[in-house]
Structure formats: C-alpha cells, structure tokens
Amino acid sequence: MAETEQVDPKAGRKVARLAQQISAFAKAHGGAEGQVAYIGERGARIVLVGEDGGWGDLVAPSYELAGQAVQKAGITVHESFDGEFAAKVRTGPYEWTRMAGIQLGGPSNT
C-alpha cells in the first residue's frame with residue numbers, strides 16, 4: 001500500500017489566502033521581497049517590502065505555513081531583516097511621528 005500524505009484542508013486554505021495577499025501586495029507595489037520570523041506560539045510574521053518602498057506584514061499560524069505561503073507567492077525571501085533589506089523600506093510622516101512619540105514617552109496610539 002502506498003504511503004499517503006495527509007493534508008489539512010484548513011491549513012491549505014490558509015496558505016492559499018496568505019499567498020493571495022502576498023501576491024496582491026507585490027502587484028500593488030511593483031514587486032515584493034519578504035522575511036519570515038518566528039514569533040512564538042502566535043506563529044510567524046511575514047514582513048513584506050515592495051519595490052516602491054511600501055511595506056506591510058501578515059501573521060501566519062505557523063512558521064511552516066508562512067514558508068509555504070511565500071513560496072507559493074513566488075517572492076524572494078531573506079533569511080534576516082538585515083541592513084540592505086531594511087534600507088528598501090520607505091517610511092512616511094505617520095511612522096516618524098509615531099516613533100518619536102514612543103521615544104519621547106508620548107502615547108503609543110497617536
């Protein structure tokens with residue numbers, strides 16, 4: 001009898017949904033690169049950086065599913081969020097205001 005691999009349909013749908021969101025981000029930003037980071041019991045964070053400097057992130061229920069999603073979306077994945085990769089991120093006034101407020105002890109929800 002051939003060995004069969006059991007596939008969790010719910011996990012498959014989650015991977016497909018994440019891959020679609022990654023692809024949509026890439027299309028909207030002229031392409032994208034990413035990095036997957038383990039965030040504990042919560043799962044894994046997929047950080048996306050577009051060719052135009054726009055950025056965003058998604059959370060997957062596990063590191064394995066995050067890896068499958070970025071692979072399915074076909075984007076370049078970096079091992080770490082190093083200086084060269086991070087330098088591609090373009091921040092706007094909102095981010096600078098928010099970071100300044102946190103650094104100065106101001107409200108974090110401005």
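Me: What do the buried residues of H2 pack against?

Reply: Their partners are helix H1 (9-28), S1, strand S2 (44-50), strand S3 (55-60) and strand S4 (76-78). This is a predicted model, where local features need pLDDT of at least 70 and side-chain atom pairs count only at pLDDT 80 or more, while totals for chains, interfaces and linings use all residues. Residues are numbered from 1 along each chain as its sequence is written, and side-chain values use heavy atoms, with hydrogens and water left out.

Me: Which residues of H2 are buried, and how do you know where they sit around the helix?

Reply: In H2 (residues 63-73) the buried ones are Leu65, Ala66, Ala69, Val70 and Ala73. Looking down the axis of H2, these buried residues fall within an arc of 135°, so they line one face of the helix. The arc is taken from the directions from the helix axis to the C-beta atoms. On the face turned away from the buried side you'll find the exposed Glu64, Gln71 and Lys72. Just after H2 comes Gly74, with a positive phi of about 75°.

Me: Is Gln35 buried or exposed, and how do you know?

Reply: The cut-offs settle that one: buried is under 20% relative accessible area, exposed is over 50%, and partly exposed is in between (1.4 Å probe, protein chains only). Gln35 comes out at 10%, so it's buried. It belongs to strand S1 (residues 32-38). Setting aside neighbours within four places in sequence, Gln35 has contacts (heavy atoms within 4.5 Å) with residues including Arg45, Val77, Phe81 and Phe85.

Me: Why is the pair of Phe81 and Phe85 given the geometry label it has?

Reply: It's the one aromatic pair in the structure. Phe81 and Phe85 have ring centres 5.0 Å apart and planes at 70°, so the pair is edge-to-face. For reference, rings of Phe, Tyr and Trp (its six-membered ring) pair if their centres lie within 6.5 Å, with planes under 30 degrees apart called stacked, over 60 edge-to-face and the rest tilted. As for cover, Phe85 is buried at 1%, whereas Phe81, at 36%, counts as partly exposed.

Me: What makes Lys88 and Glu33 a salt bridge?

Reply: The rule asks for a side-chain nitrogen of Lys or Arg within 4 Å of a carboxyl oxygen of Asp or Glu. The side chains of Lys88 and Glu33 meet at 2.6 Å, N to O. Lys88 is in the loop between helix H3 (83-86) and helix H4 (93-103) and Glu33 is in strand S1, so the pair ties together parts that are 55 residues apart in sequence. Lys88 is partly exposed at 33%, while Glu33 counts as buried at 9%.

Me: How many salt bridges does the structure hold, and what does Asp57 form one with?

Reply: The structure holds two. Asp57 forms its salt bridge with Arg45, the closest N and O atoms being 2.6 Å apart. This pair links distant parts of the chain, with Asp57 in strand S3 and Arg45 in strand S2, 12 residues apart. Asp57 has 37% relative accessibility and counts as partly exposed; Arg45, at 33%, counts as partly exposed too.

Me: Which residues touch the most other members of the largest nonpolar core, and what makes a set of residues a nonpolar core?

Reply: Ile22, Ile46 and Leu48 do, out of 20 residues in that core. A nonpolar core is a set of buried Ala, Val, Leu, Ile, Met, Phe, Trp, Tyr and Cys residues joined through side-chain atoms within 4.5 Å. H1, S1, S2, S3 and H2 each give two or more residues to the core, and H1 gives the most, with seven. Beyond its neighbours within four places in sequence, Leu48 is in contact with several residues, among them Ile22, Phe25, Trp55, Leu58 and Ile75.

Me: Why does Ile39 count the way it does for accessibility?

Reply: At 38% relative accessibility, Ile39 counts as partly exposed. Ile39 lies in the loop between S1 and S2. Leaving out neighbours within four places in sequence, Ile39 is in contact with Ala44, Arg45 and Val59.

Conventions. Helix = DSSP H or I, 4+ residues; strand = E, 2+ residues; numbered from the N terminus.
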